2 protein chains.
Amino acid sequence: MPEFIRLLPPDEARDTLLGAVQAGPLGSETVKVVASLGRVSAADVAAPHALPEFPRSTVDGYAVRAGDTYGATDSLPAYLDLAGEIAMGEASELRLEPGQCALIHTGGVLPSGGSAVVMLEYSQTVESSDARAGGSAAPGVGLIEIFRAVAEGENTIAVGEDIVGGTTVLKKGHLIGPATVGALLALGIVETEVARRPRVALISTGDEVVDPSTATRLGQVRDVNSYTLSAVIEQAGGIPDRYGIVRDDSSALRSLSSIALAACDVVVITAGSSASTRDTTAAVIDSLGSPGVLVHGIHTRPGKPTILGVCQGKALIGLPGNPVSALVNGYMFLIPLIEKLLGTQPRLKASIRARLTTNLASEAGREDWWPVKLATRPEVPAEHGSAPGELPSAEPVFGKSNLIATLATADGIIRIPAAATGLAGGEEVDVYPL
Amino acid sequence: MPEFIRLLPPDEARDTLLGAVQAGPLGSETVKVVASLGRVSAADVAAPHALPEFPRSTVDGYAVRAGDTYGATDSLPAYLDLAGEIAMGEASELRLEPGQCALIHTGGVLPSGGSAVVMLEYSQTVESSDARAGGSAAPGVGLIEIFRAVAEGENTIAVGEDIVGGTTVLKKGHLIGPATVGALLALGIVETEVARRPRVALISTGDEVVDPSTATRLGQVRDVNSYTLSAVIEQAGGIPDRYGIVRDDSSALRSLSSIALAACDVVVITAGSSASTRDTTAAVIDSLGSPGVLVHGIHTRPGKPTILGVCQGKALIGLPGNPVSALVNGYMFLIPLIEKLLGTQPRLKASIRARLTTNLASEAGREDWWPVKLATRPEVPAEHGSAPGELPSAEPVFGKSNLIATLATADGIIRIPAAATGLAGGEEVDVYPL
């Protein structure tokens with residue numbers, strides 16, 4: 001007879017697990033910044049110098065002393081002597097005297113004396129300085145008409161306007177994205193300290209489970225959980241380590257789990273799906289250290305028989321053998337666990353807003369997850385009340401017991417909260433990509 | 001003087017580019033299914049056999065002939081002789097006769113003669129068959145009380161209920177996710193044909209641009225675009241190929257672009273940011289084949305000076321030198337381009353719904369992209385009208401000219417559509433993670 005199980009809500013189950021494991025990061029390593037995408041910073045990084053390092057123009061135009069342009073309009077332009085051109089990538093000897101300007105390109109160094117830049121489109125070249133009516137004796141290679149006044153600093157970036165030298169450019173715990181890679185390289189930082197990736201052991205159990213490359217006999221099924229969960233672990237920033245398949249044998253499972261626990265940061269056992277093997281998994285977890293099993297059963301579908309435990313400060317997770325249950329519960333528990341072990345904040349999960357095509361019933365108190373297919377042409381009839389708008393449609397994928405080939409046709413999953421007794425066709429839902 | 005530019009809306013610009021390049025996939029290669037995550041299928045794959053291959057139980061319980069349970073209730077149970085236990089992973093010799101049942105575990109093979117399974121919780125073992133009042137002479141290892149009737153097929157999965165042998169399990173053009181990996185392996189398919197990943201050449205130009213490892217002199221800036229764009233290309237499924245930095249020299253750029261075009265499927269030139277070097281990029285693209293430049297200028301911020309062209313059937317993209325413009329336009333054009341070259345449908349992009357903390361102005365007719373920081377505690381004051389709810393807040397990251405270190409502090413970007421003149425504080429926005 002199956003034992004009485006107190007089913008925990010998924011959020012409470014996850015918090016129980018996360019509260020009992022040690023906080024990350026588990027250690028750190030130095031990597032090249034160009035290979036740091038998707039890693040988590042293990043230390044605050046200070047800018048070695050300011051960005052930009054010199055005052056730069058943000059437009060193509062003429063560097064000026066701002067005061068020389070005051071009052072300039074189309075009908076009453078200012079006339080400035082062209083003192084030269086600022087070459088890109090070089091310090092200029094040039095110093096702007098009153099009444100002078102210099103041709104400058106976007107990104108060029110603002111010359112000494114210059115305080116703003118007039119955009120090229122608000123200027124015009126006059127043939128030569130002699131063309132100026134009542135021209136002074138000021139020497140120059142030409143004369144420039146300026147039709148628009150600029151304020152001090154206009155069309156320039158000051159030293160340190162992006163980042164001040166010595167301030168933090170990358171915080172500990174930050175997930176490194178393309179822009180962070182760019183910011184570090186812009187500062188000449190080519191290596192950085194990142195959190196060690198947690199190593200997650202995967203053990204499949206079940207007398208009926210065989211390697212995917214095997215020709216099956218009647219009654220056998222191929223191991224898929226080790227591989228689908230490997231994908232989830234990689235996506236979350238961990239390193240999957242597959243320990244293979246053990247038979248429904250308590251001592252064999254205990255022995256392999258003990259080896260995996262010593263070598264890895266997390267151990268995941270995908271159970272043979274019968275009640276007796278689930279009990280075996282729980283007993284093995286309890287035997288490996290305290291506190292042992294913390295949660296036995298989650299009020300969710302799929303995934304009710306999931307077991308969460310902690311031994312020697314490390315998490316052990318027993319997942320149902322059903323591939324869809326294992327995958328959904330992998331998303332639910334493995335991702336936040338790996339995030340904690342990396343020392344990063346739980347990430348907000350991005351989703352695609354869509355309109356549900358049909359009613360979905362759910363048991364109140366239980367959190368349900370449903371796979372859906374997305375279609376960009378709304379197929380919701382108008383009688384559902386709200387206009388379909390431009391939202392894609394989300395069509396539930398129905399399949400008994402959540403079958404894997406059926407799930408493979410889905411684009412994502414939607415959540416029916418525990419408090420709801422279902423969702424109505426035409427409702428807006430958040431689809432989390434699979 | 002800068003030339004007159006007709007600015008295209010981003011969607012029209014993208015469609016113009018995609019319409020002129022050859023459709024993908026560019027070719028295919030065979031990979032191991034365990035290494036196929038994130039790849040795009042290059043062929044339809046048929047299931048070599050049905051899934052499941054045998055009728056399976058979906059629960060722990062007793063396999064029965066459904067008719068034997070009809071009418072069974074708590075007060076009037078059915079009594080069935082226990083004919084044995086179905087071992088996991090093996091074909092059973094056992095055949096259920098009328099009045100018999102067999103202990104079965106989740107995933108076990110339904111025995112011959114059995115048509116449904118009664119869950120363990122709706123059954124009870126009676127000491128021995130002698131205990132039955134007026135017991136018949138039927139032999140058995142025990143007697144089982146059944147308290148609930150089951151219909152034909154209840155708590156079982158039929159052969160082919162997940163997938164029928166010979167039908168398509170994976171379609172050409174499908175992005176392979178964890179569930180697809182699982183479905184293929186469940187069918188014993190360990191290798192599969194995927195689209196060749198497009199190779200994207202990256203060329204940086206500019207006299208002021210130096211390698212990130214270089215100690216800069218006054219006026220120099222480090223190349224970051226080659227690396228931020230590499231990240232975008234990898235995320236989209238392409239292979240970045242960095243060709244280094246060329247000076248502002250038309251013939252040097254033409255020569256390197258020509259080599260890159262021959263070796264790669266796409267060439268991206270991040271321009272020196274001045275108007276003259278932009279003109280150089282356009283001239284080089286026009287010189288490499290027809291039709292040459294298709295779009296010169298996009299009505300978007302950042303990214304206005306972007307150039308899109310096609311030569312010899314391959315796309316060439318000239319991006320602004322500003323790192324943020326280059327990155328945002330990389331997302332805008334490189335991702336759909338790579339998706340097309342992979343032969344897959346454009347993916348719906350997942351986002352995080354959030355509430356904008358402040359007003360953002362925008363020019364009507366221009367599409368703007370703003371970097372934002374996300375915070376999970378809503379910080380929007382109640383006077384903005386709508387209740388903050390549980391949405392995270394999205395705070396725009398303000399920085400002149402979109403600076404890279406400033407962008408690195410952002411969590412994502414939001415879009416202000418061309419038709420809008422801005423967004424109001426308190427509005428719901430979709431944040432696309434960076």
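1. A word on conventions. Residues are numbered from 1 along each chain as its sequence is written, while chains are lettered from A and ligands numbered from 1 in the order in which they are written. Because the model is predicted, local features need pLDDT of at least 70 and side-chain atom pairs count only at pLDDT 80 or more, whereas totals for chains, interfaces and linings use all residues.

2. Start with the two chains. The same surface serves both copies, as 99% of the contact residues of chain B recur in chain A.

3. Next, the interface. Here 79 residues of chain B are in contact with 78 residues of chain A (contact means C-beta atoms, placed from the backbone, within 7 Å). Helix 2 of chain B gives the most to its side, with eight residues (helices are DSSP runs of H or I, at least four residues; strands are runs of E, at least two; both are numbered from the N terminus).

4. Now look inside chain A. Six strands form an open sheet with mixed pairing, in the order 16-13-17-21-20-18 (strands pair if DSSP finds at least two bridges between them). Strand 16 (239-246) and strand 18 (291-296) of chain A are the edges.

5. Finally, strand 17 (residues 266-270) and strand 21 (residues 314-319) of chain A run parallel, joined by five bridges. Leu316(A) in strand 21 is the bridge partner of Val267(A).

Conventions:
Two residues are in contact if their C-beta atoms, placed from the backbone, lie within 7 Å.
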